Structures are given as structure tokens and as C-alpha cells.
Amino acid sequence: MGGTMIHGHRRRGGVMARAIAHVIAGMLVLAAVWLGGLFWYAADVPRSSPGGADAERPTDAIVVLTGGSHRLGTGLELLAAGRAKKLFVSGVYDGVDVQELLKLSRRSPTEMECCITLGYSADSTIGNAYETADWMRDQGFRSLRLVTANYHMRRSLLELSMAMPDVELVPHPVVAPTVHLDDWWMWPGTANLLVNEYNKLLVVGLRWAVRRAARD
């Protein structure tokens, strides 16, 4: 009787050990996949703004997502160059108006004020997407050039494509000078930024895949 109980305990212990080993192995595989995806994402971040035909290509609108340096200036330059009819700036702080933004960008408030619209309701990338979709629908526009930071571009395109699947999206990444993409793992600030952005991208990518599967 005692021997049978000991044998049973050993067998249960062996099953438990194998289960724990499988869990650990699975976690290691997931960690390796996550890490590989992180390095792929970092390598895929654009190192320069578009040039040639991509930069010259006109769209109905230019959309700037606030939150990083040089984005607004790039959007204003594209508007001044005639790349689109109107500029929409999404995620602007309450109380900020067009004239103030133009002054901050060192442009004359009378130069392009008629062609700029500010959006105040968005406080996240998904908010940017739906705020922009509403504005595009009101304007009757079918294409836009998206101006945001290079590391933020892939997630932004996914969010906008879900909010307005029938609108053509042309990416115009802005290179963030404070983000060191070469040997990024050696720069704590850049590494933390890229890890956070990559994790957010995974969540958005999962939402996108679920929505696509539901439609199919």
C-alpha cells in the first residue's frame, strides 16, 4: 500500500515537472519571437524622410499627428509646396489656435491660415484616427499624406486604415533627431521608446487581425 502511494506521488511529481518544463519552454519561445520581432521593427523604422516621386505625389489632404518635434513644420512645408489642398492637425491642446501654431512654426499667420484645420478631441493614436476619419468624411477627401514620427508611422497607418479603410494613405515619416536607431539598444531612452511602441504595435496588430478575420 505504502509503495503504491509513493509510486503515485512520484508519477504525479513527474507529470508536474514535465508540465512546468513545457511552460518554461513555451515562454522562452515566446520571448525569442518577441525579441526577434522587436529587432525587425527597429530595423524597419525609416531612417530618412521620403524623396523622389513619393515626396512629390499629391494627395487631397495632409494630416499631422501632434506629439513630436518637427511634425508640424514638415506638414506646413508640404502644404506650402502644394502637396495637398488642406492640412489637418490632430490632437491639438485645447486653447491653441491656428495663428498660434503658425507663429510657433515661424510662419506668417496670414500665409496659410485658410487651409489649416485643428482637431482637439484626440488624446491617443486611435483618437487621432477617428478624429481624422470624421474630418476626411466631412471634407469628402479620398487620400491623405500622413505626417508623424518615423517610429510611430507603422502603428498610425494601422489605426487610420481601420478607421477609414477606403481612404488612400501615403506615409511621410519625420525623422526624430533624438531617437538613435543605430545601435539603439545602447541608448536607454531610445530602447525604452522602441520597446513601448513595439508593444503598442503588437496590440494594434492583433486588433487589426481580429477585425480582418471577422470580415472574412
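Student: What share of the 216 residues of the chain counts as buried?

Tutor: Before the numbers, keep in mind that this is a predicted model. Of the chain's 216 residues, 38% count as buried. The chain exposes about 12600 Å², and carbon and sulfur atoms supply 60% of that area.

Student: How many helices and strands are there in the chain?

Tutor: You will find seven helices and five strands. Following the sequence, they come in the pattern α-α-β-α-β-α-β-α-β-α-β-α.

Student: What is the order of the five strands in the sheet?

Tutor: The general idea comes first. Strands of a sheet pair through backbone hydrogen bonds, either parallel or antiparallel. Here the five strands form an open sheet in the order 3-2-1-4-5, and the pairing is parallel. Strand 3 (116–119) and strand 5 (168–174) are the edge strands, each pairing on one side only. On average, neighbouring strands of the sheet are turned by 20 degrees against each other, direction ignored.

Student: How many bridges join strand 1 to strand 4?

Tutor: Four bridges link strand 1 (residues 61–65) with strand 4 (residues 143–149), and the two run parallel. To find your place in this pair, look for Ile-62, which stands opposite Arg-145 in strand 4.

Student: Now the helices, please. Why does the distance between the ends of helix 5 agree with its 15 residues?

Tutor: Helix 5 covers residues 125–139, and at 1.5 Å a residue its 15 residues should span 21 Å; its end C-alpha atoms are 21 Å apart, so the two agree. Just after helix 5, Gly-140 takes a positive phi of about 75 degrees.

Student: Which residues of helix 5 are buried?

Tutor: An α-helix has 3.6 residues a turn, so residues three or four places apart point the same way. In helix 5 the buried residues are Thr-125, Asn-128, Ala-129, Glu-131, Thr-132, Ala-133, Trp-135 and Met-136. Their cover includes strand 1, strand 2 (86–90), strand 3, strand 4 and helix 6.

Student: Why does Asn-128 count as buried?

Tutor: Asn-128 counts as buried because its relative accessibility is 6%, and the cut-off for buried is under 20%. Leaving aside neighbours within four places in sequence, Asn-128 is in contact with Leu-65, Ser-90, Gly-91 and Ala-122.

Student: Where does helix 6 lie?

Tutor: Helix 6 (residues 153–163) lies across strand 1, strand 4 and strand 5, and it runs at about 145 degrees to strand 4. Helix 6 is mostly covered, with eight of its 11 residues buried. Among them are Met-153, Leu-158, Leu-160 and Met-162. The buried residues of helix 6 pack against strand 1, helix 5, strand 4, strand 5 and helix 7 (188–215).

Student: Is Asp-183 buried, partly exposed or exposed?

Tutor: Asp-183 is partly exposed, with a relative accessible area of 40%. You can find Asp-183 in the loop between strand 5 and helix 7. It has a positive phi of about 55 degrees although it is not a glycine.

Student: Where does UniProt place the feature "transmembrane region"?

Tutor: The unreviewed UniProt entry places it at residues 20–42. In the model, that span is 100% helix and 0% strand, and its end C-alpha atoms lie 33 Å apart.

Notes
Residues are numbered from 1 along each chain as its sequence is written. This is a predicted model: local features need pLDDT of at least 70, side-chain atom pairs count only at pLDDT 80 or more; totals for chains, interfaces and linings use all residues. Side-chain values use heavy atoms; hydrogens and water are left out. Two strands pair if DSSP finds at least two bridges between them. Axes are lines fitted to C-alpha atoms, for helices over the stretch in contact, and angles run from 0 to 180 degrees between N-to-C directions. Contact means heavy atoms within 4.5 Å. The expected span of a helix is 1.5 Å times one less than its number of residues. Buried means under 20% relative accessible area, exposed over 50%, partly exposed in between (1.4 Å probe, protein chains only). UniProt positions are given in the numbering used here, feature names are shortened, and annotations may be inferred rather than shown by experiment. Accessible areas come from the Shrake-Rupley method with a 1.4 Å probe; for residues, only the protein chains shown count as cover.
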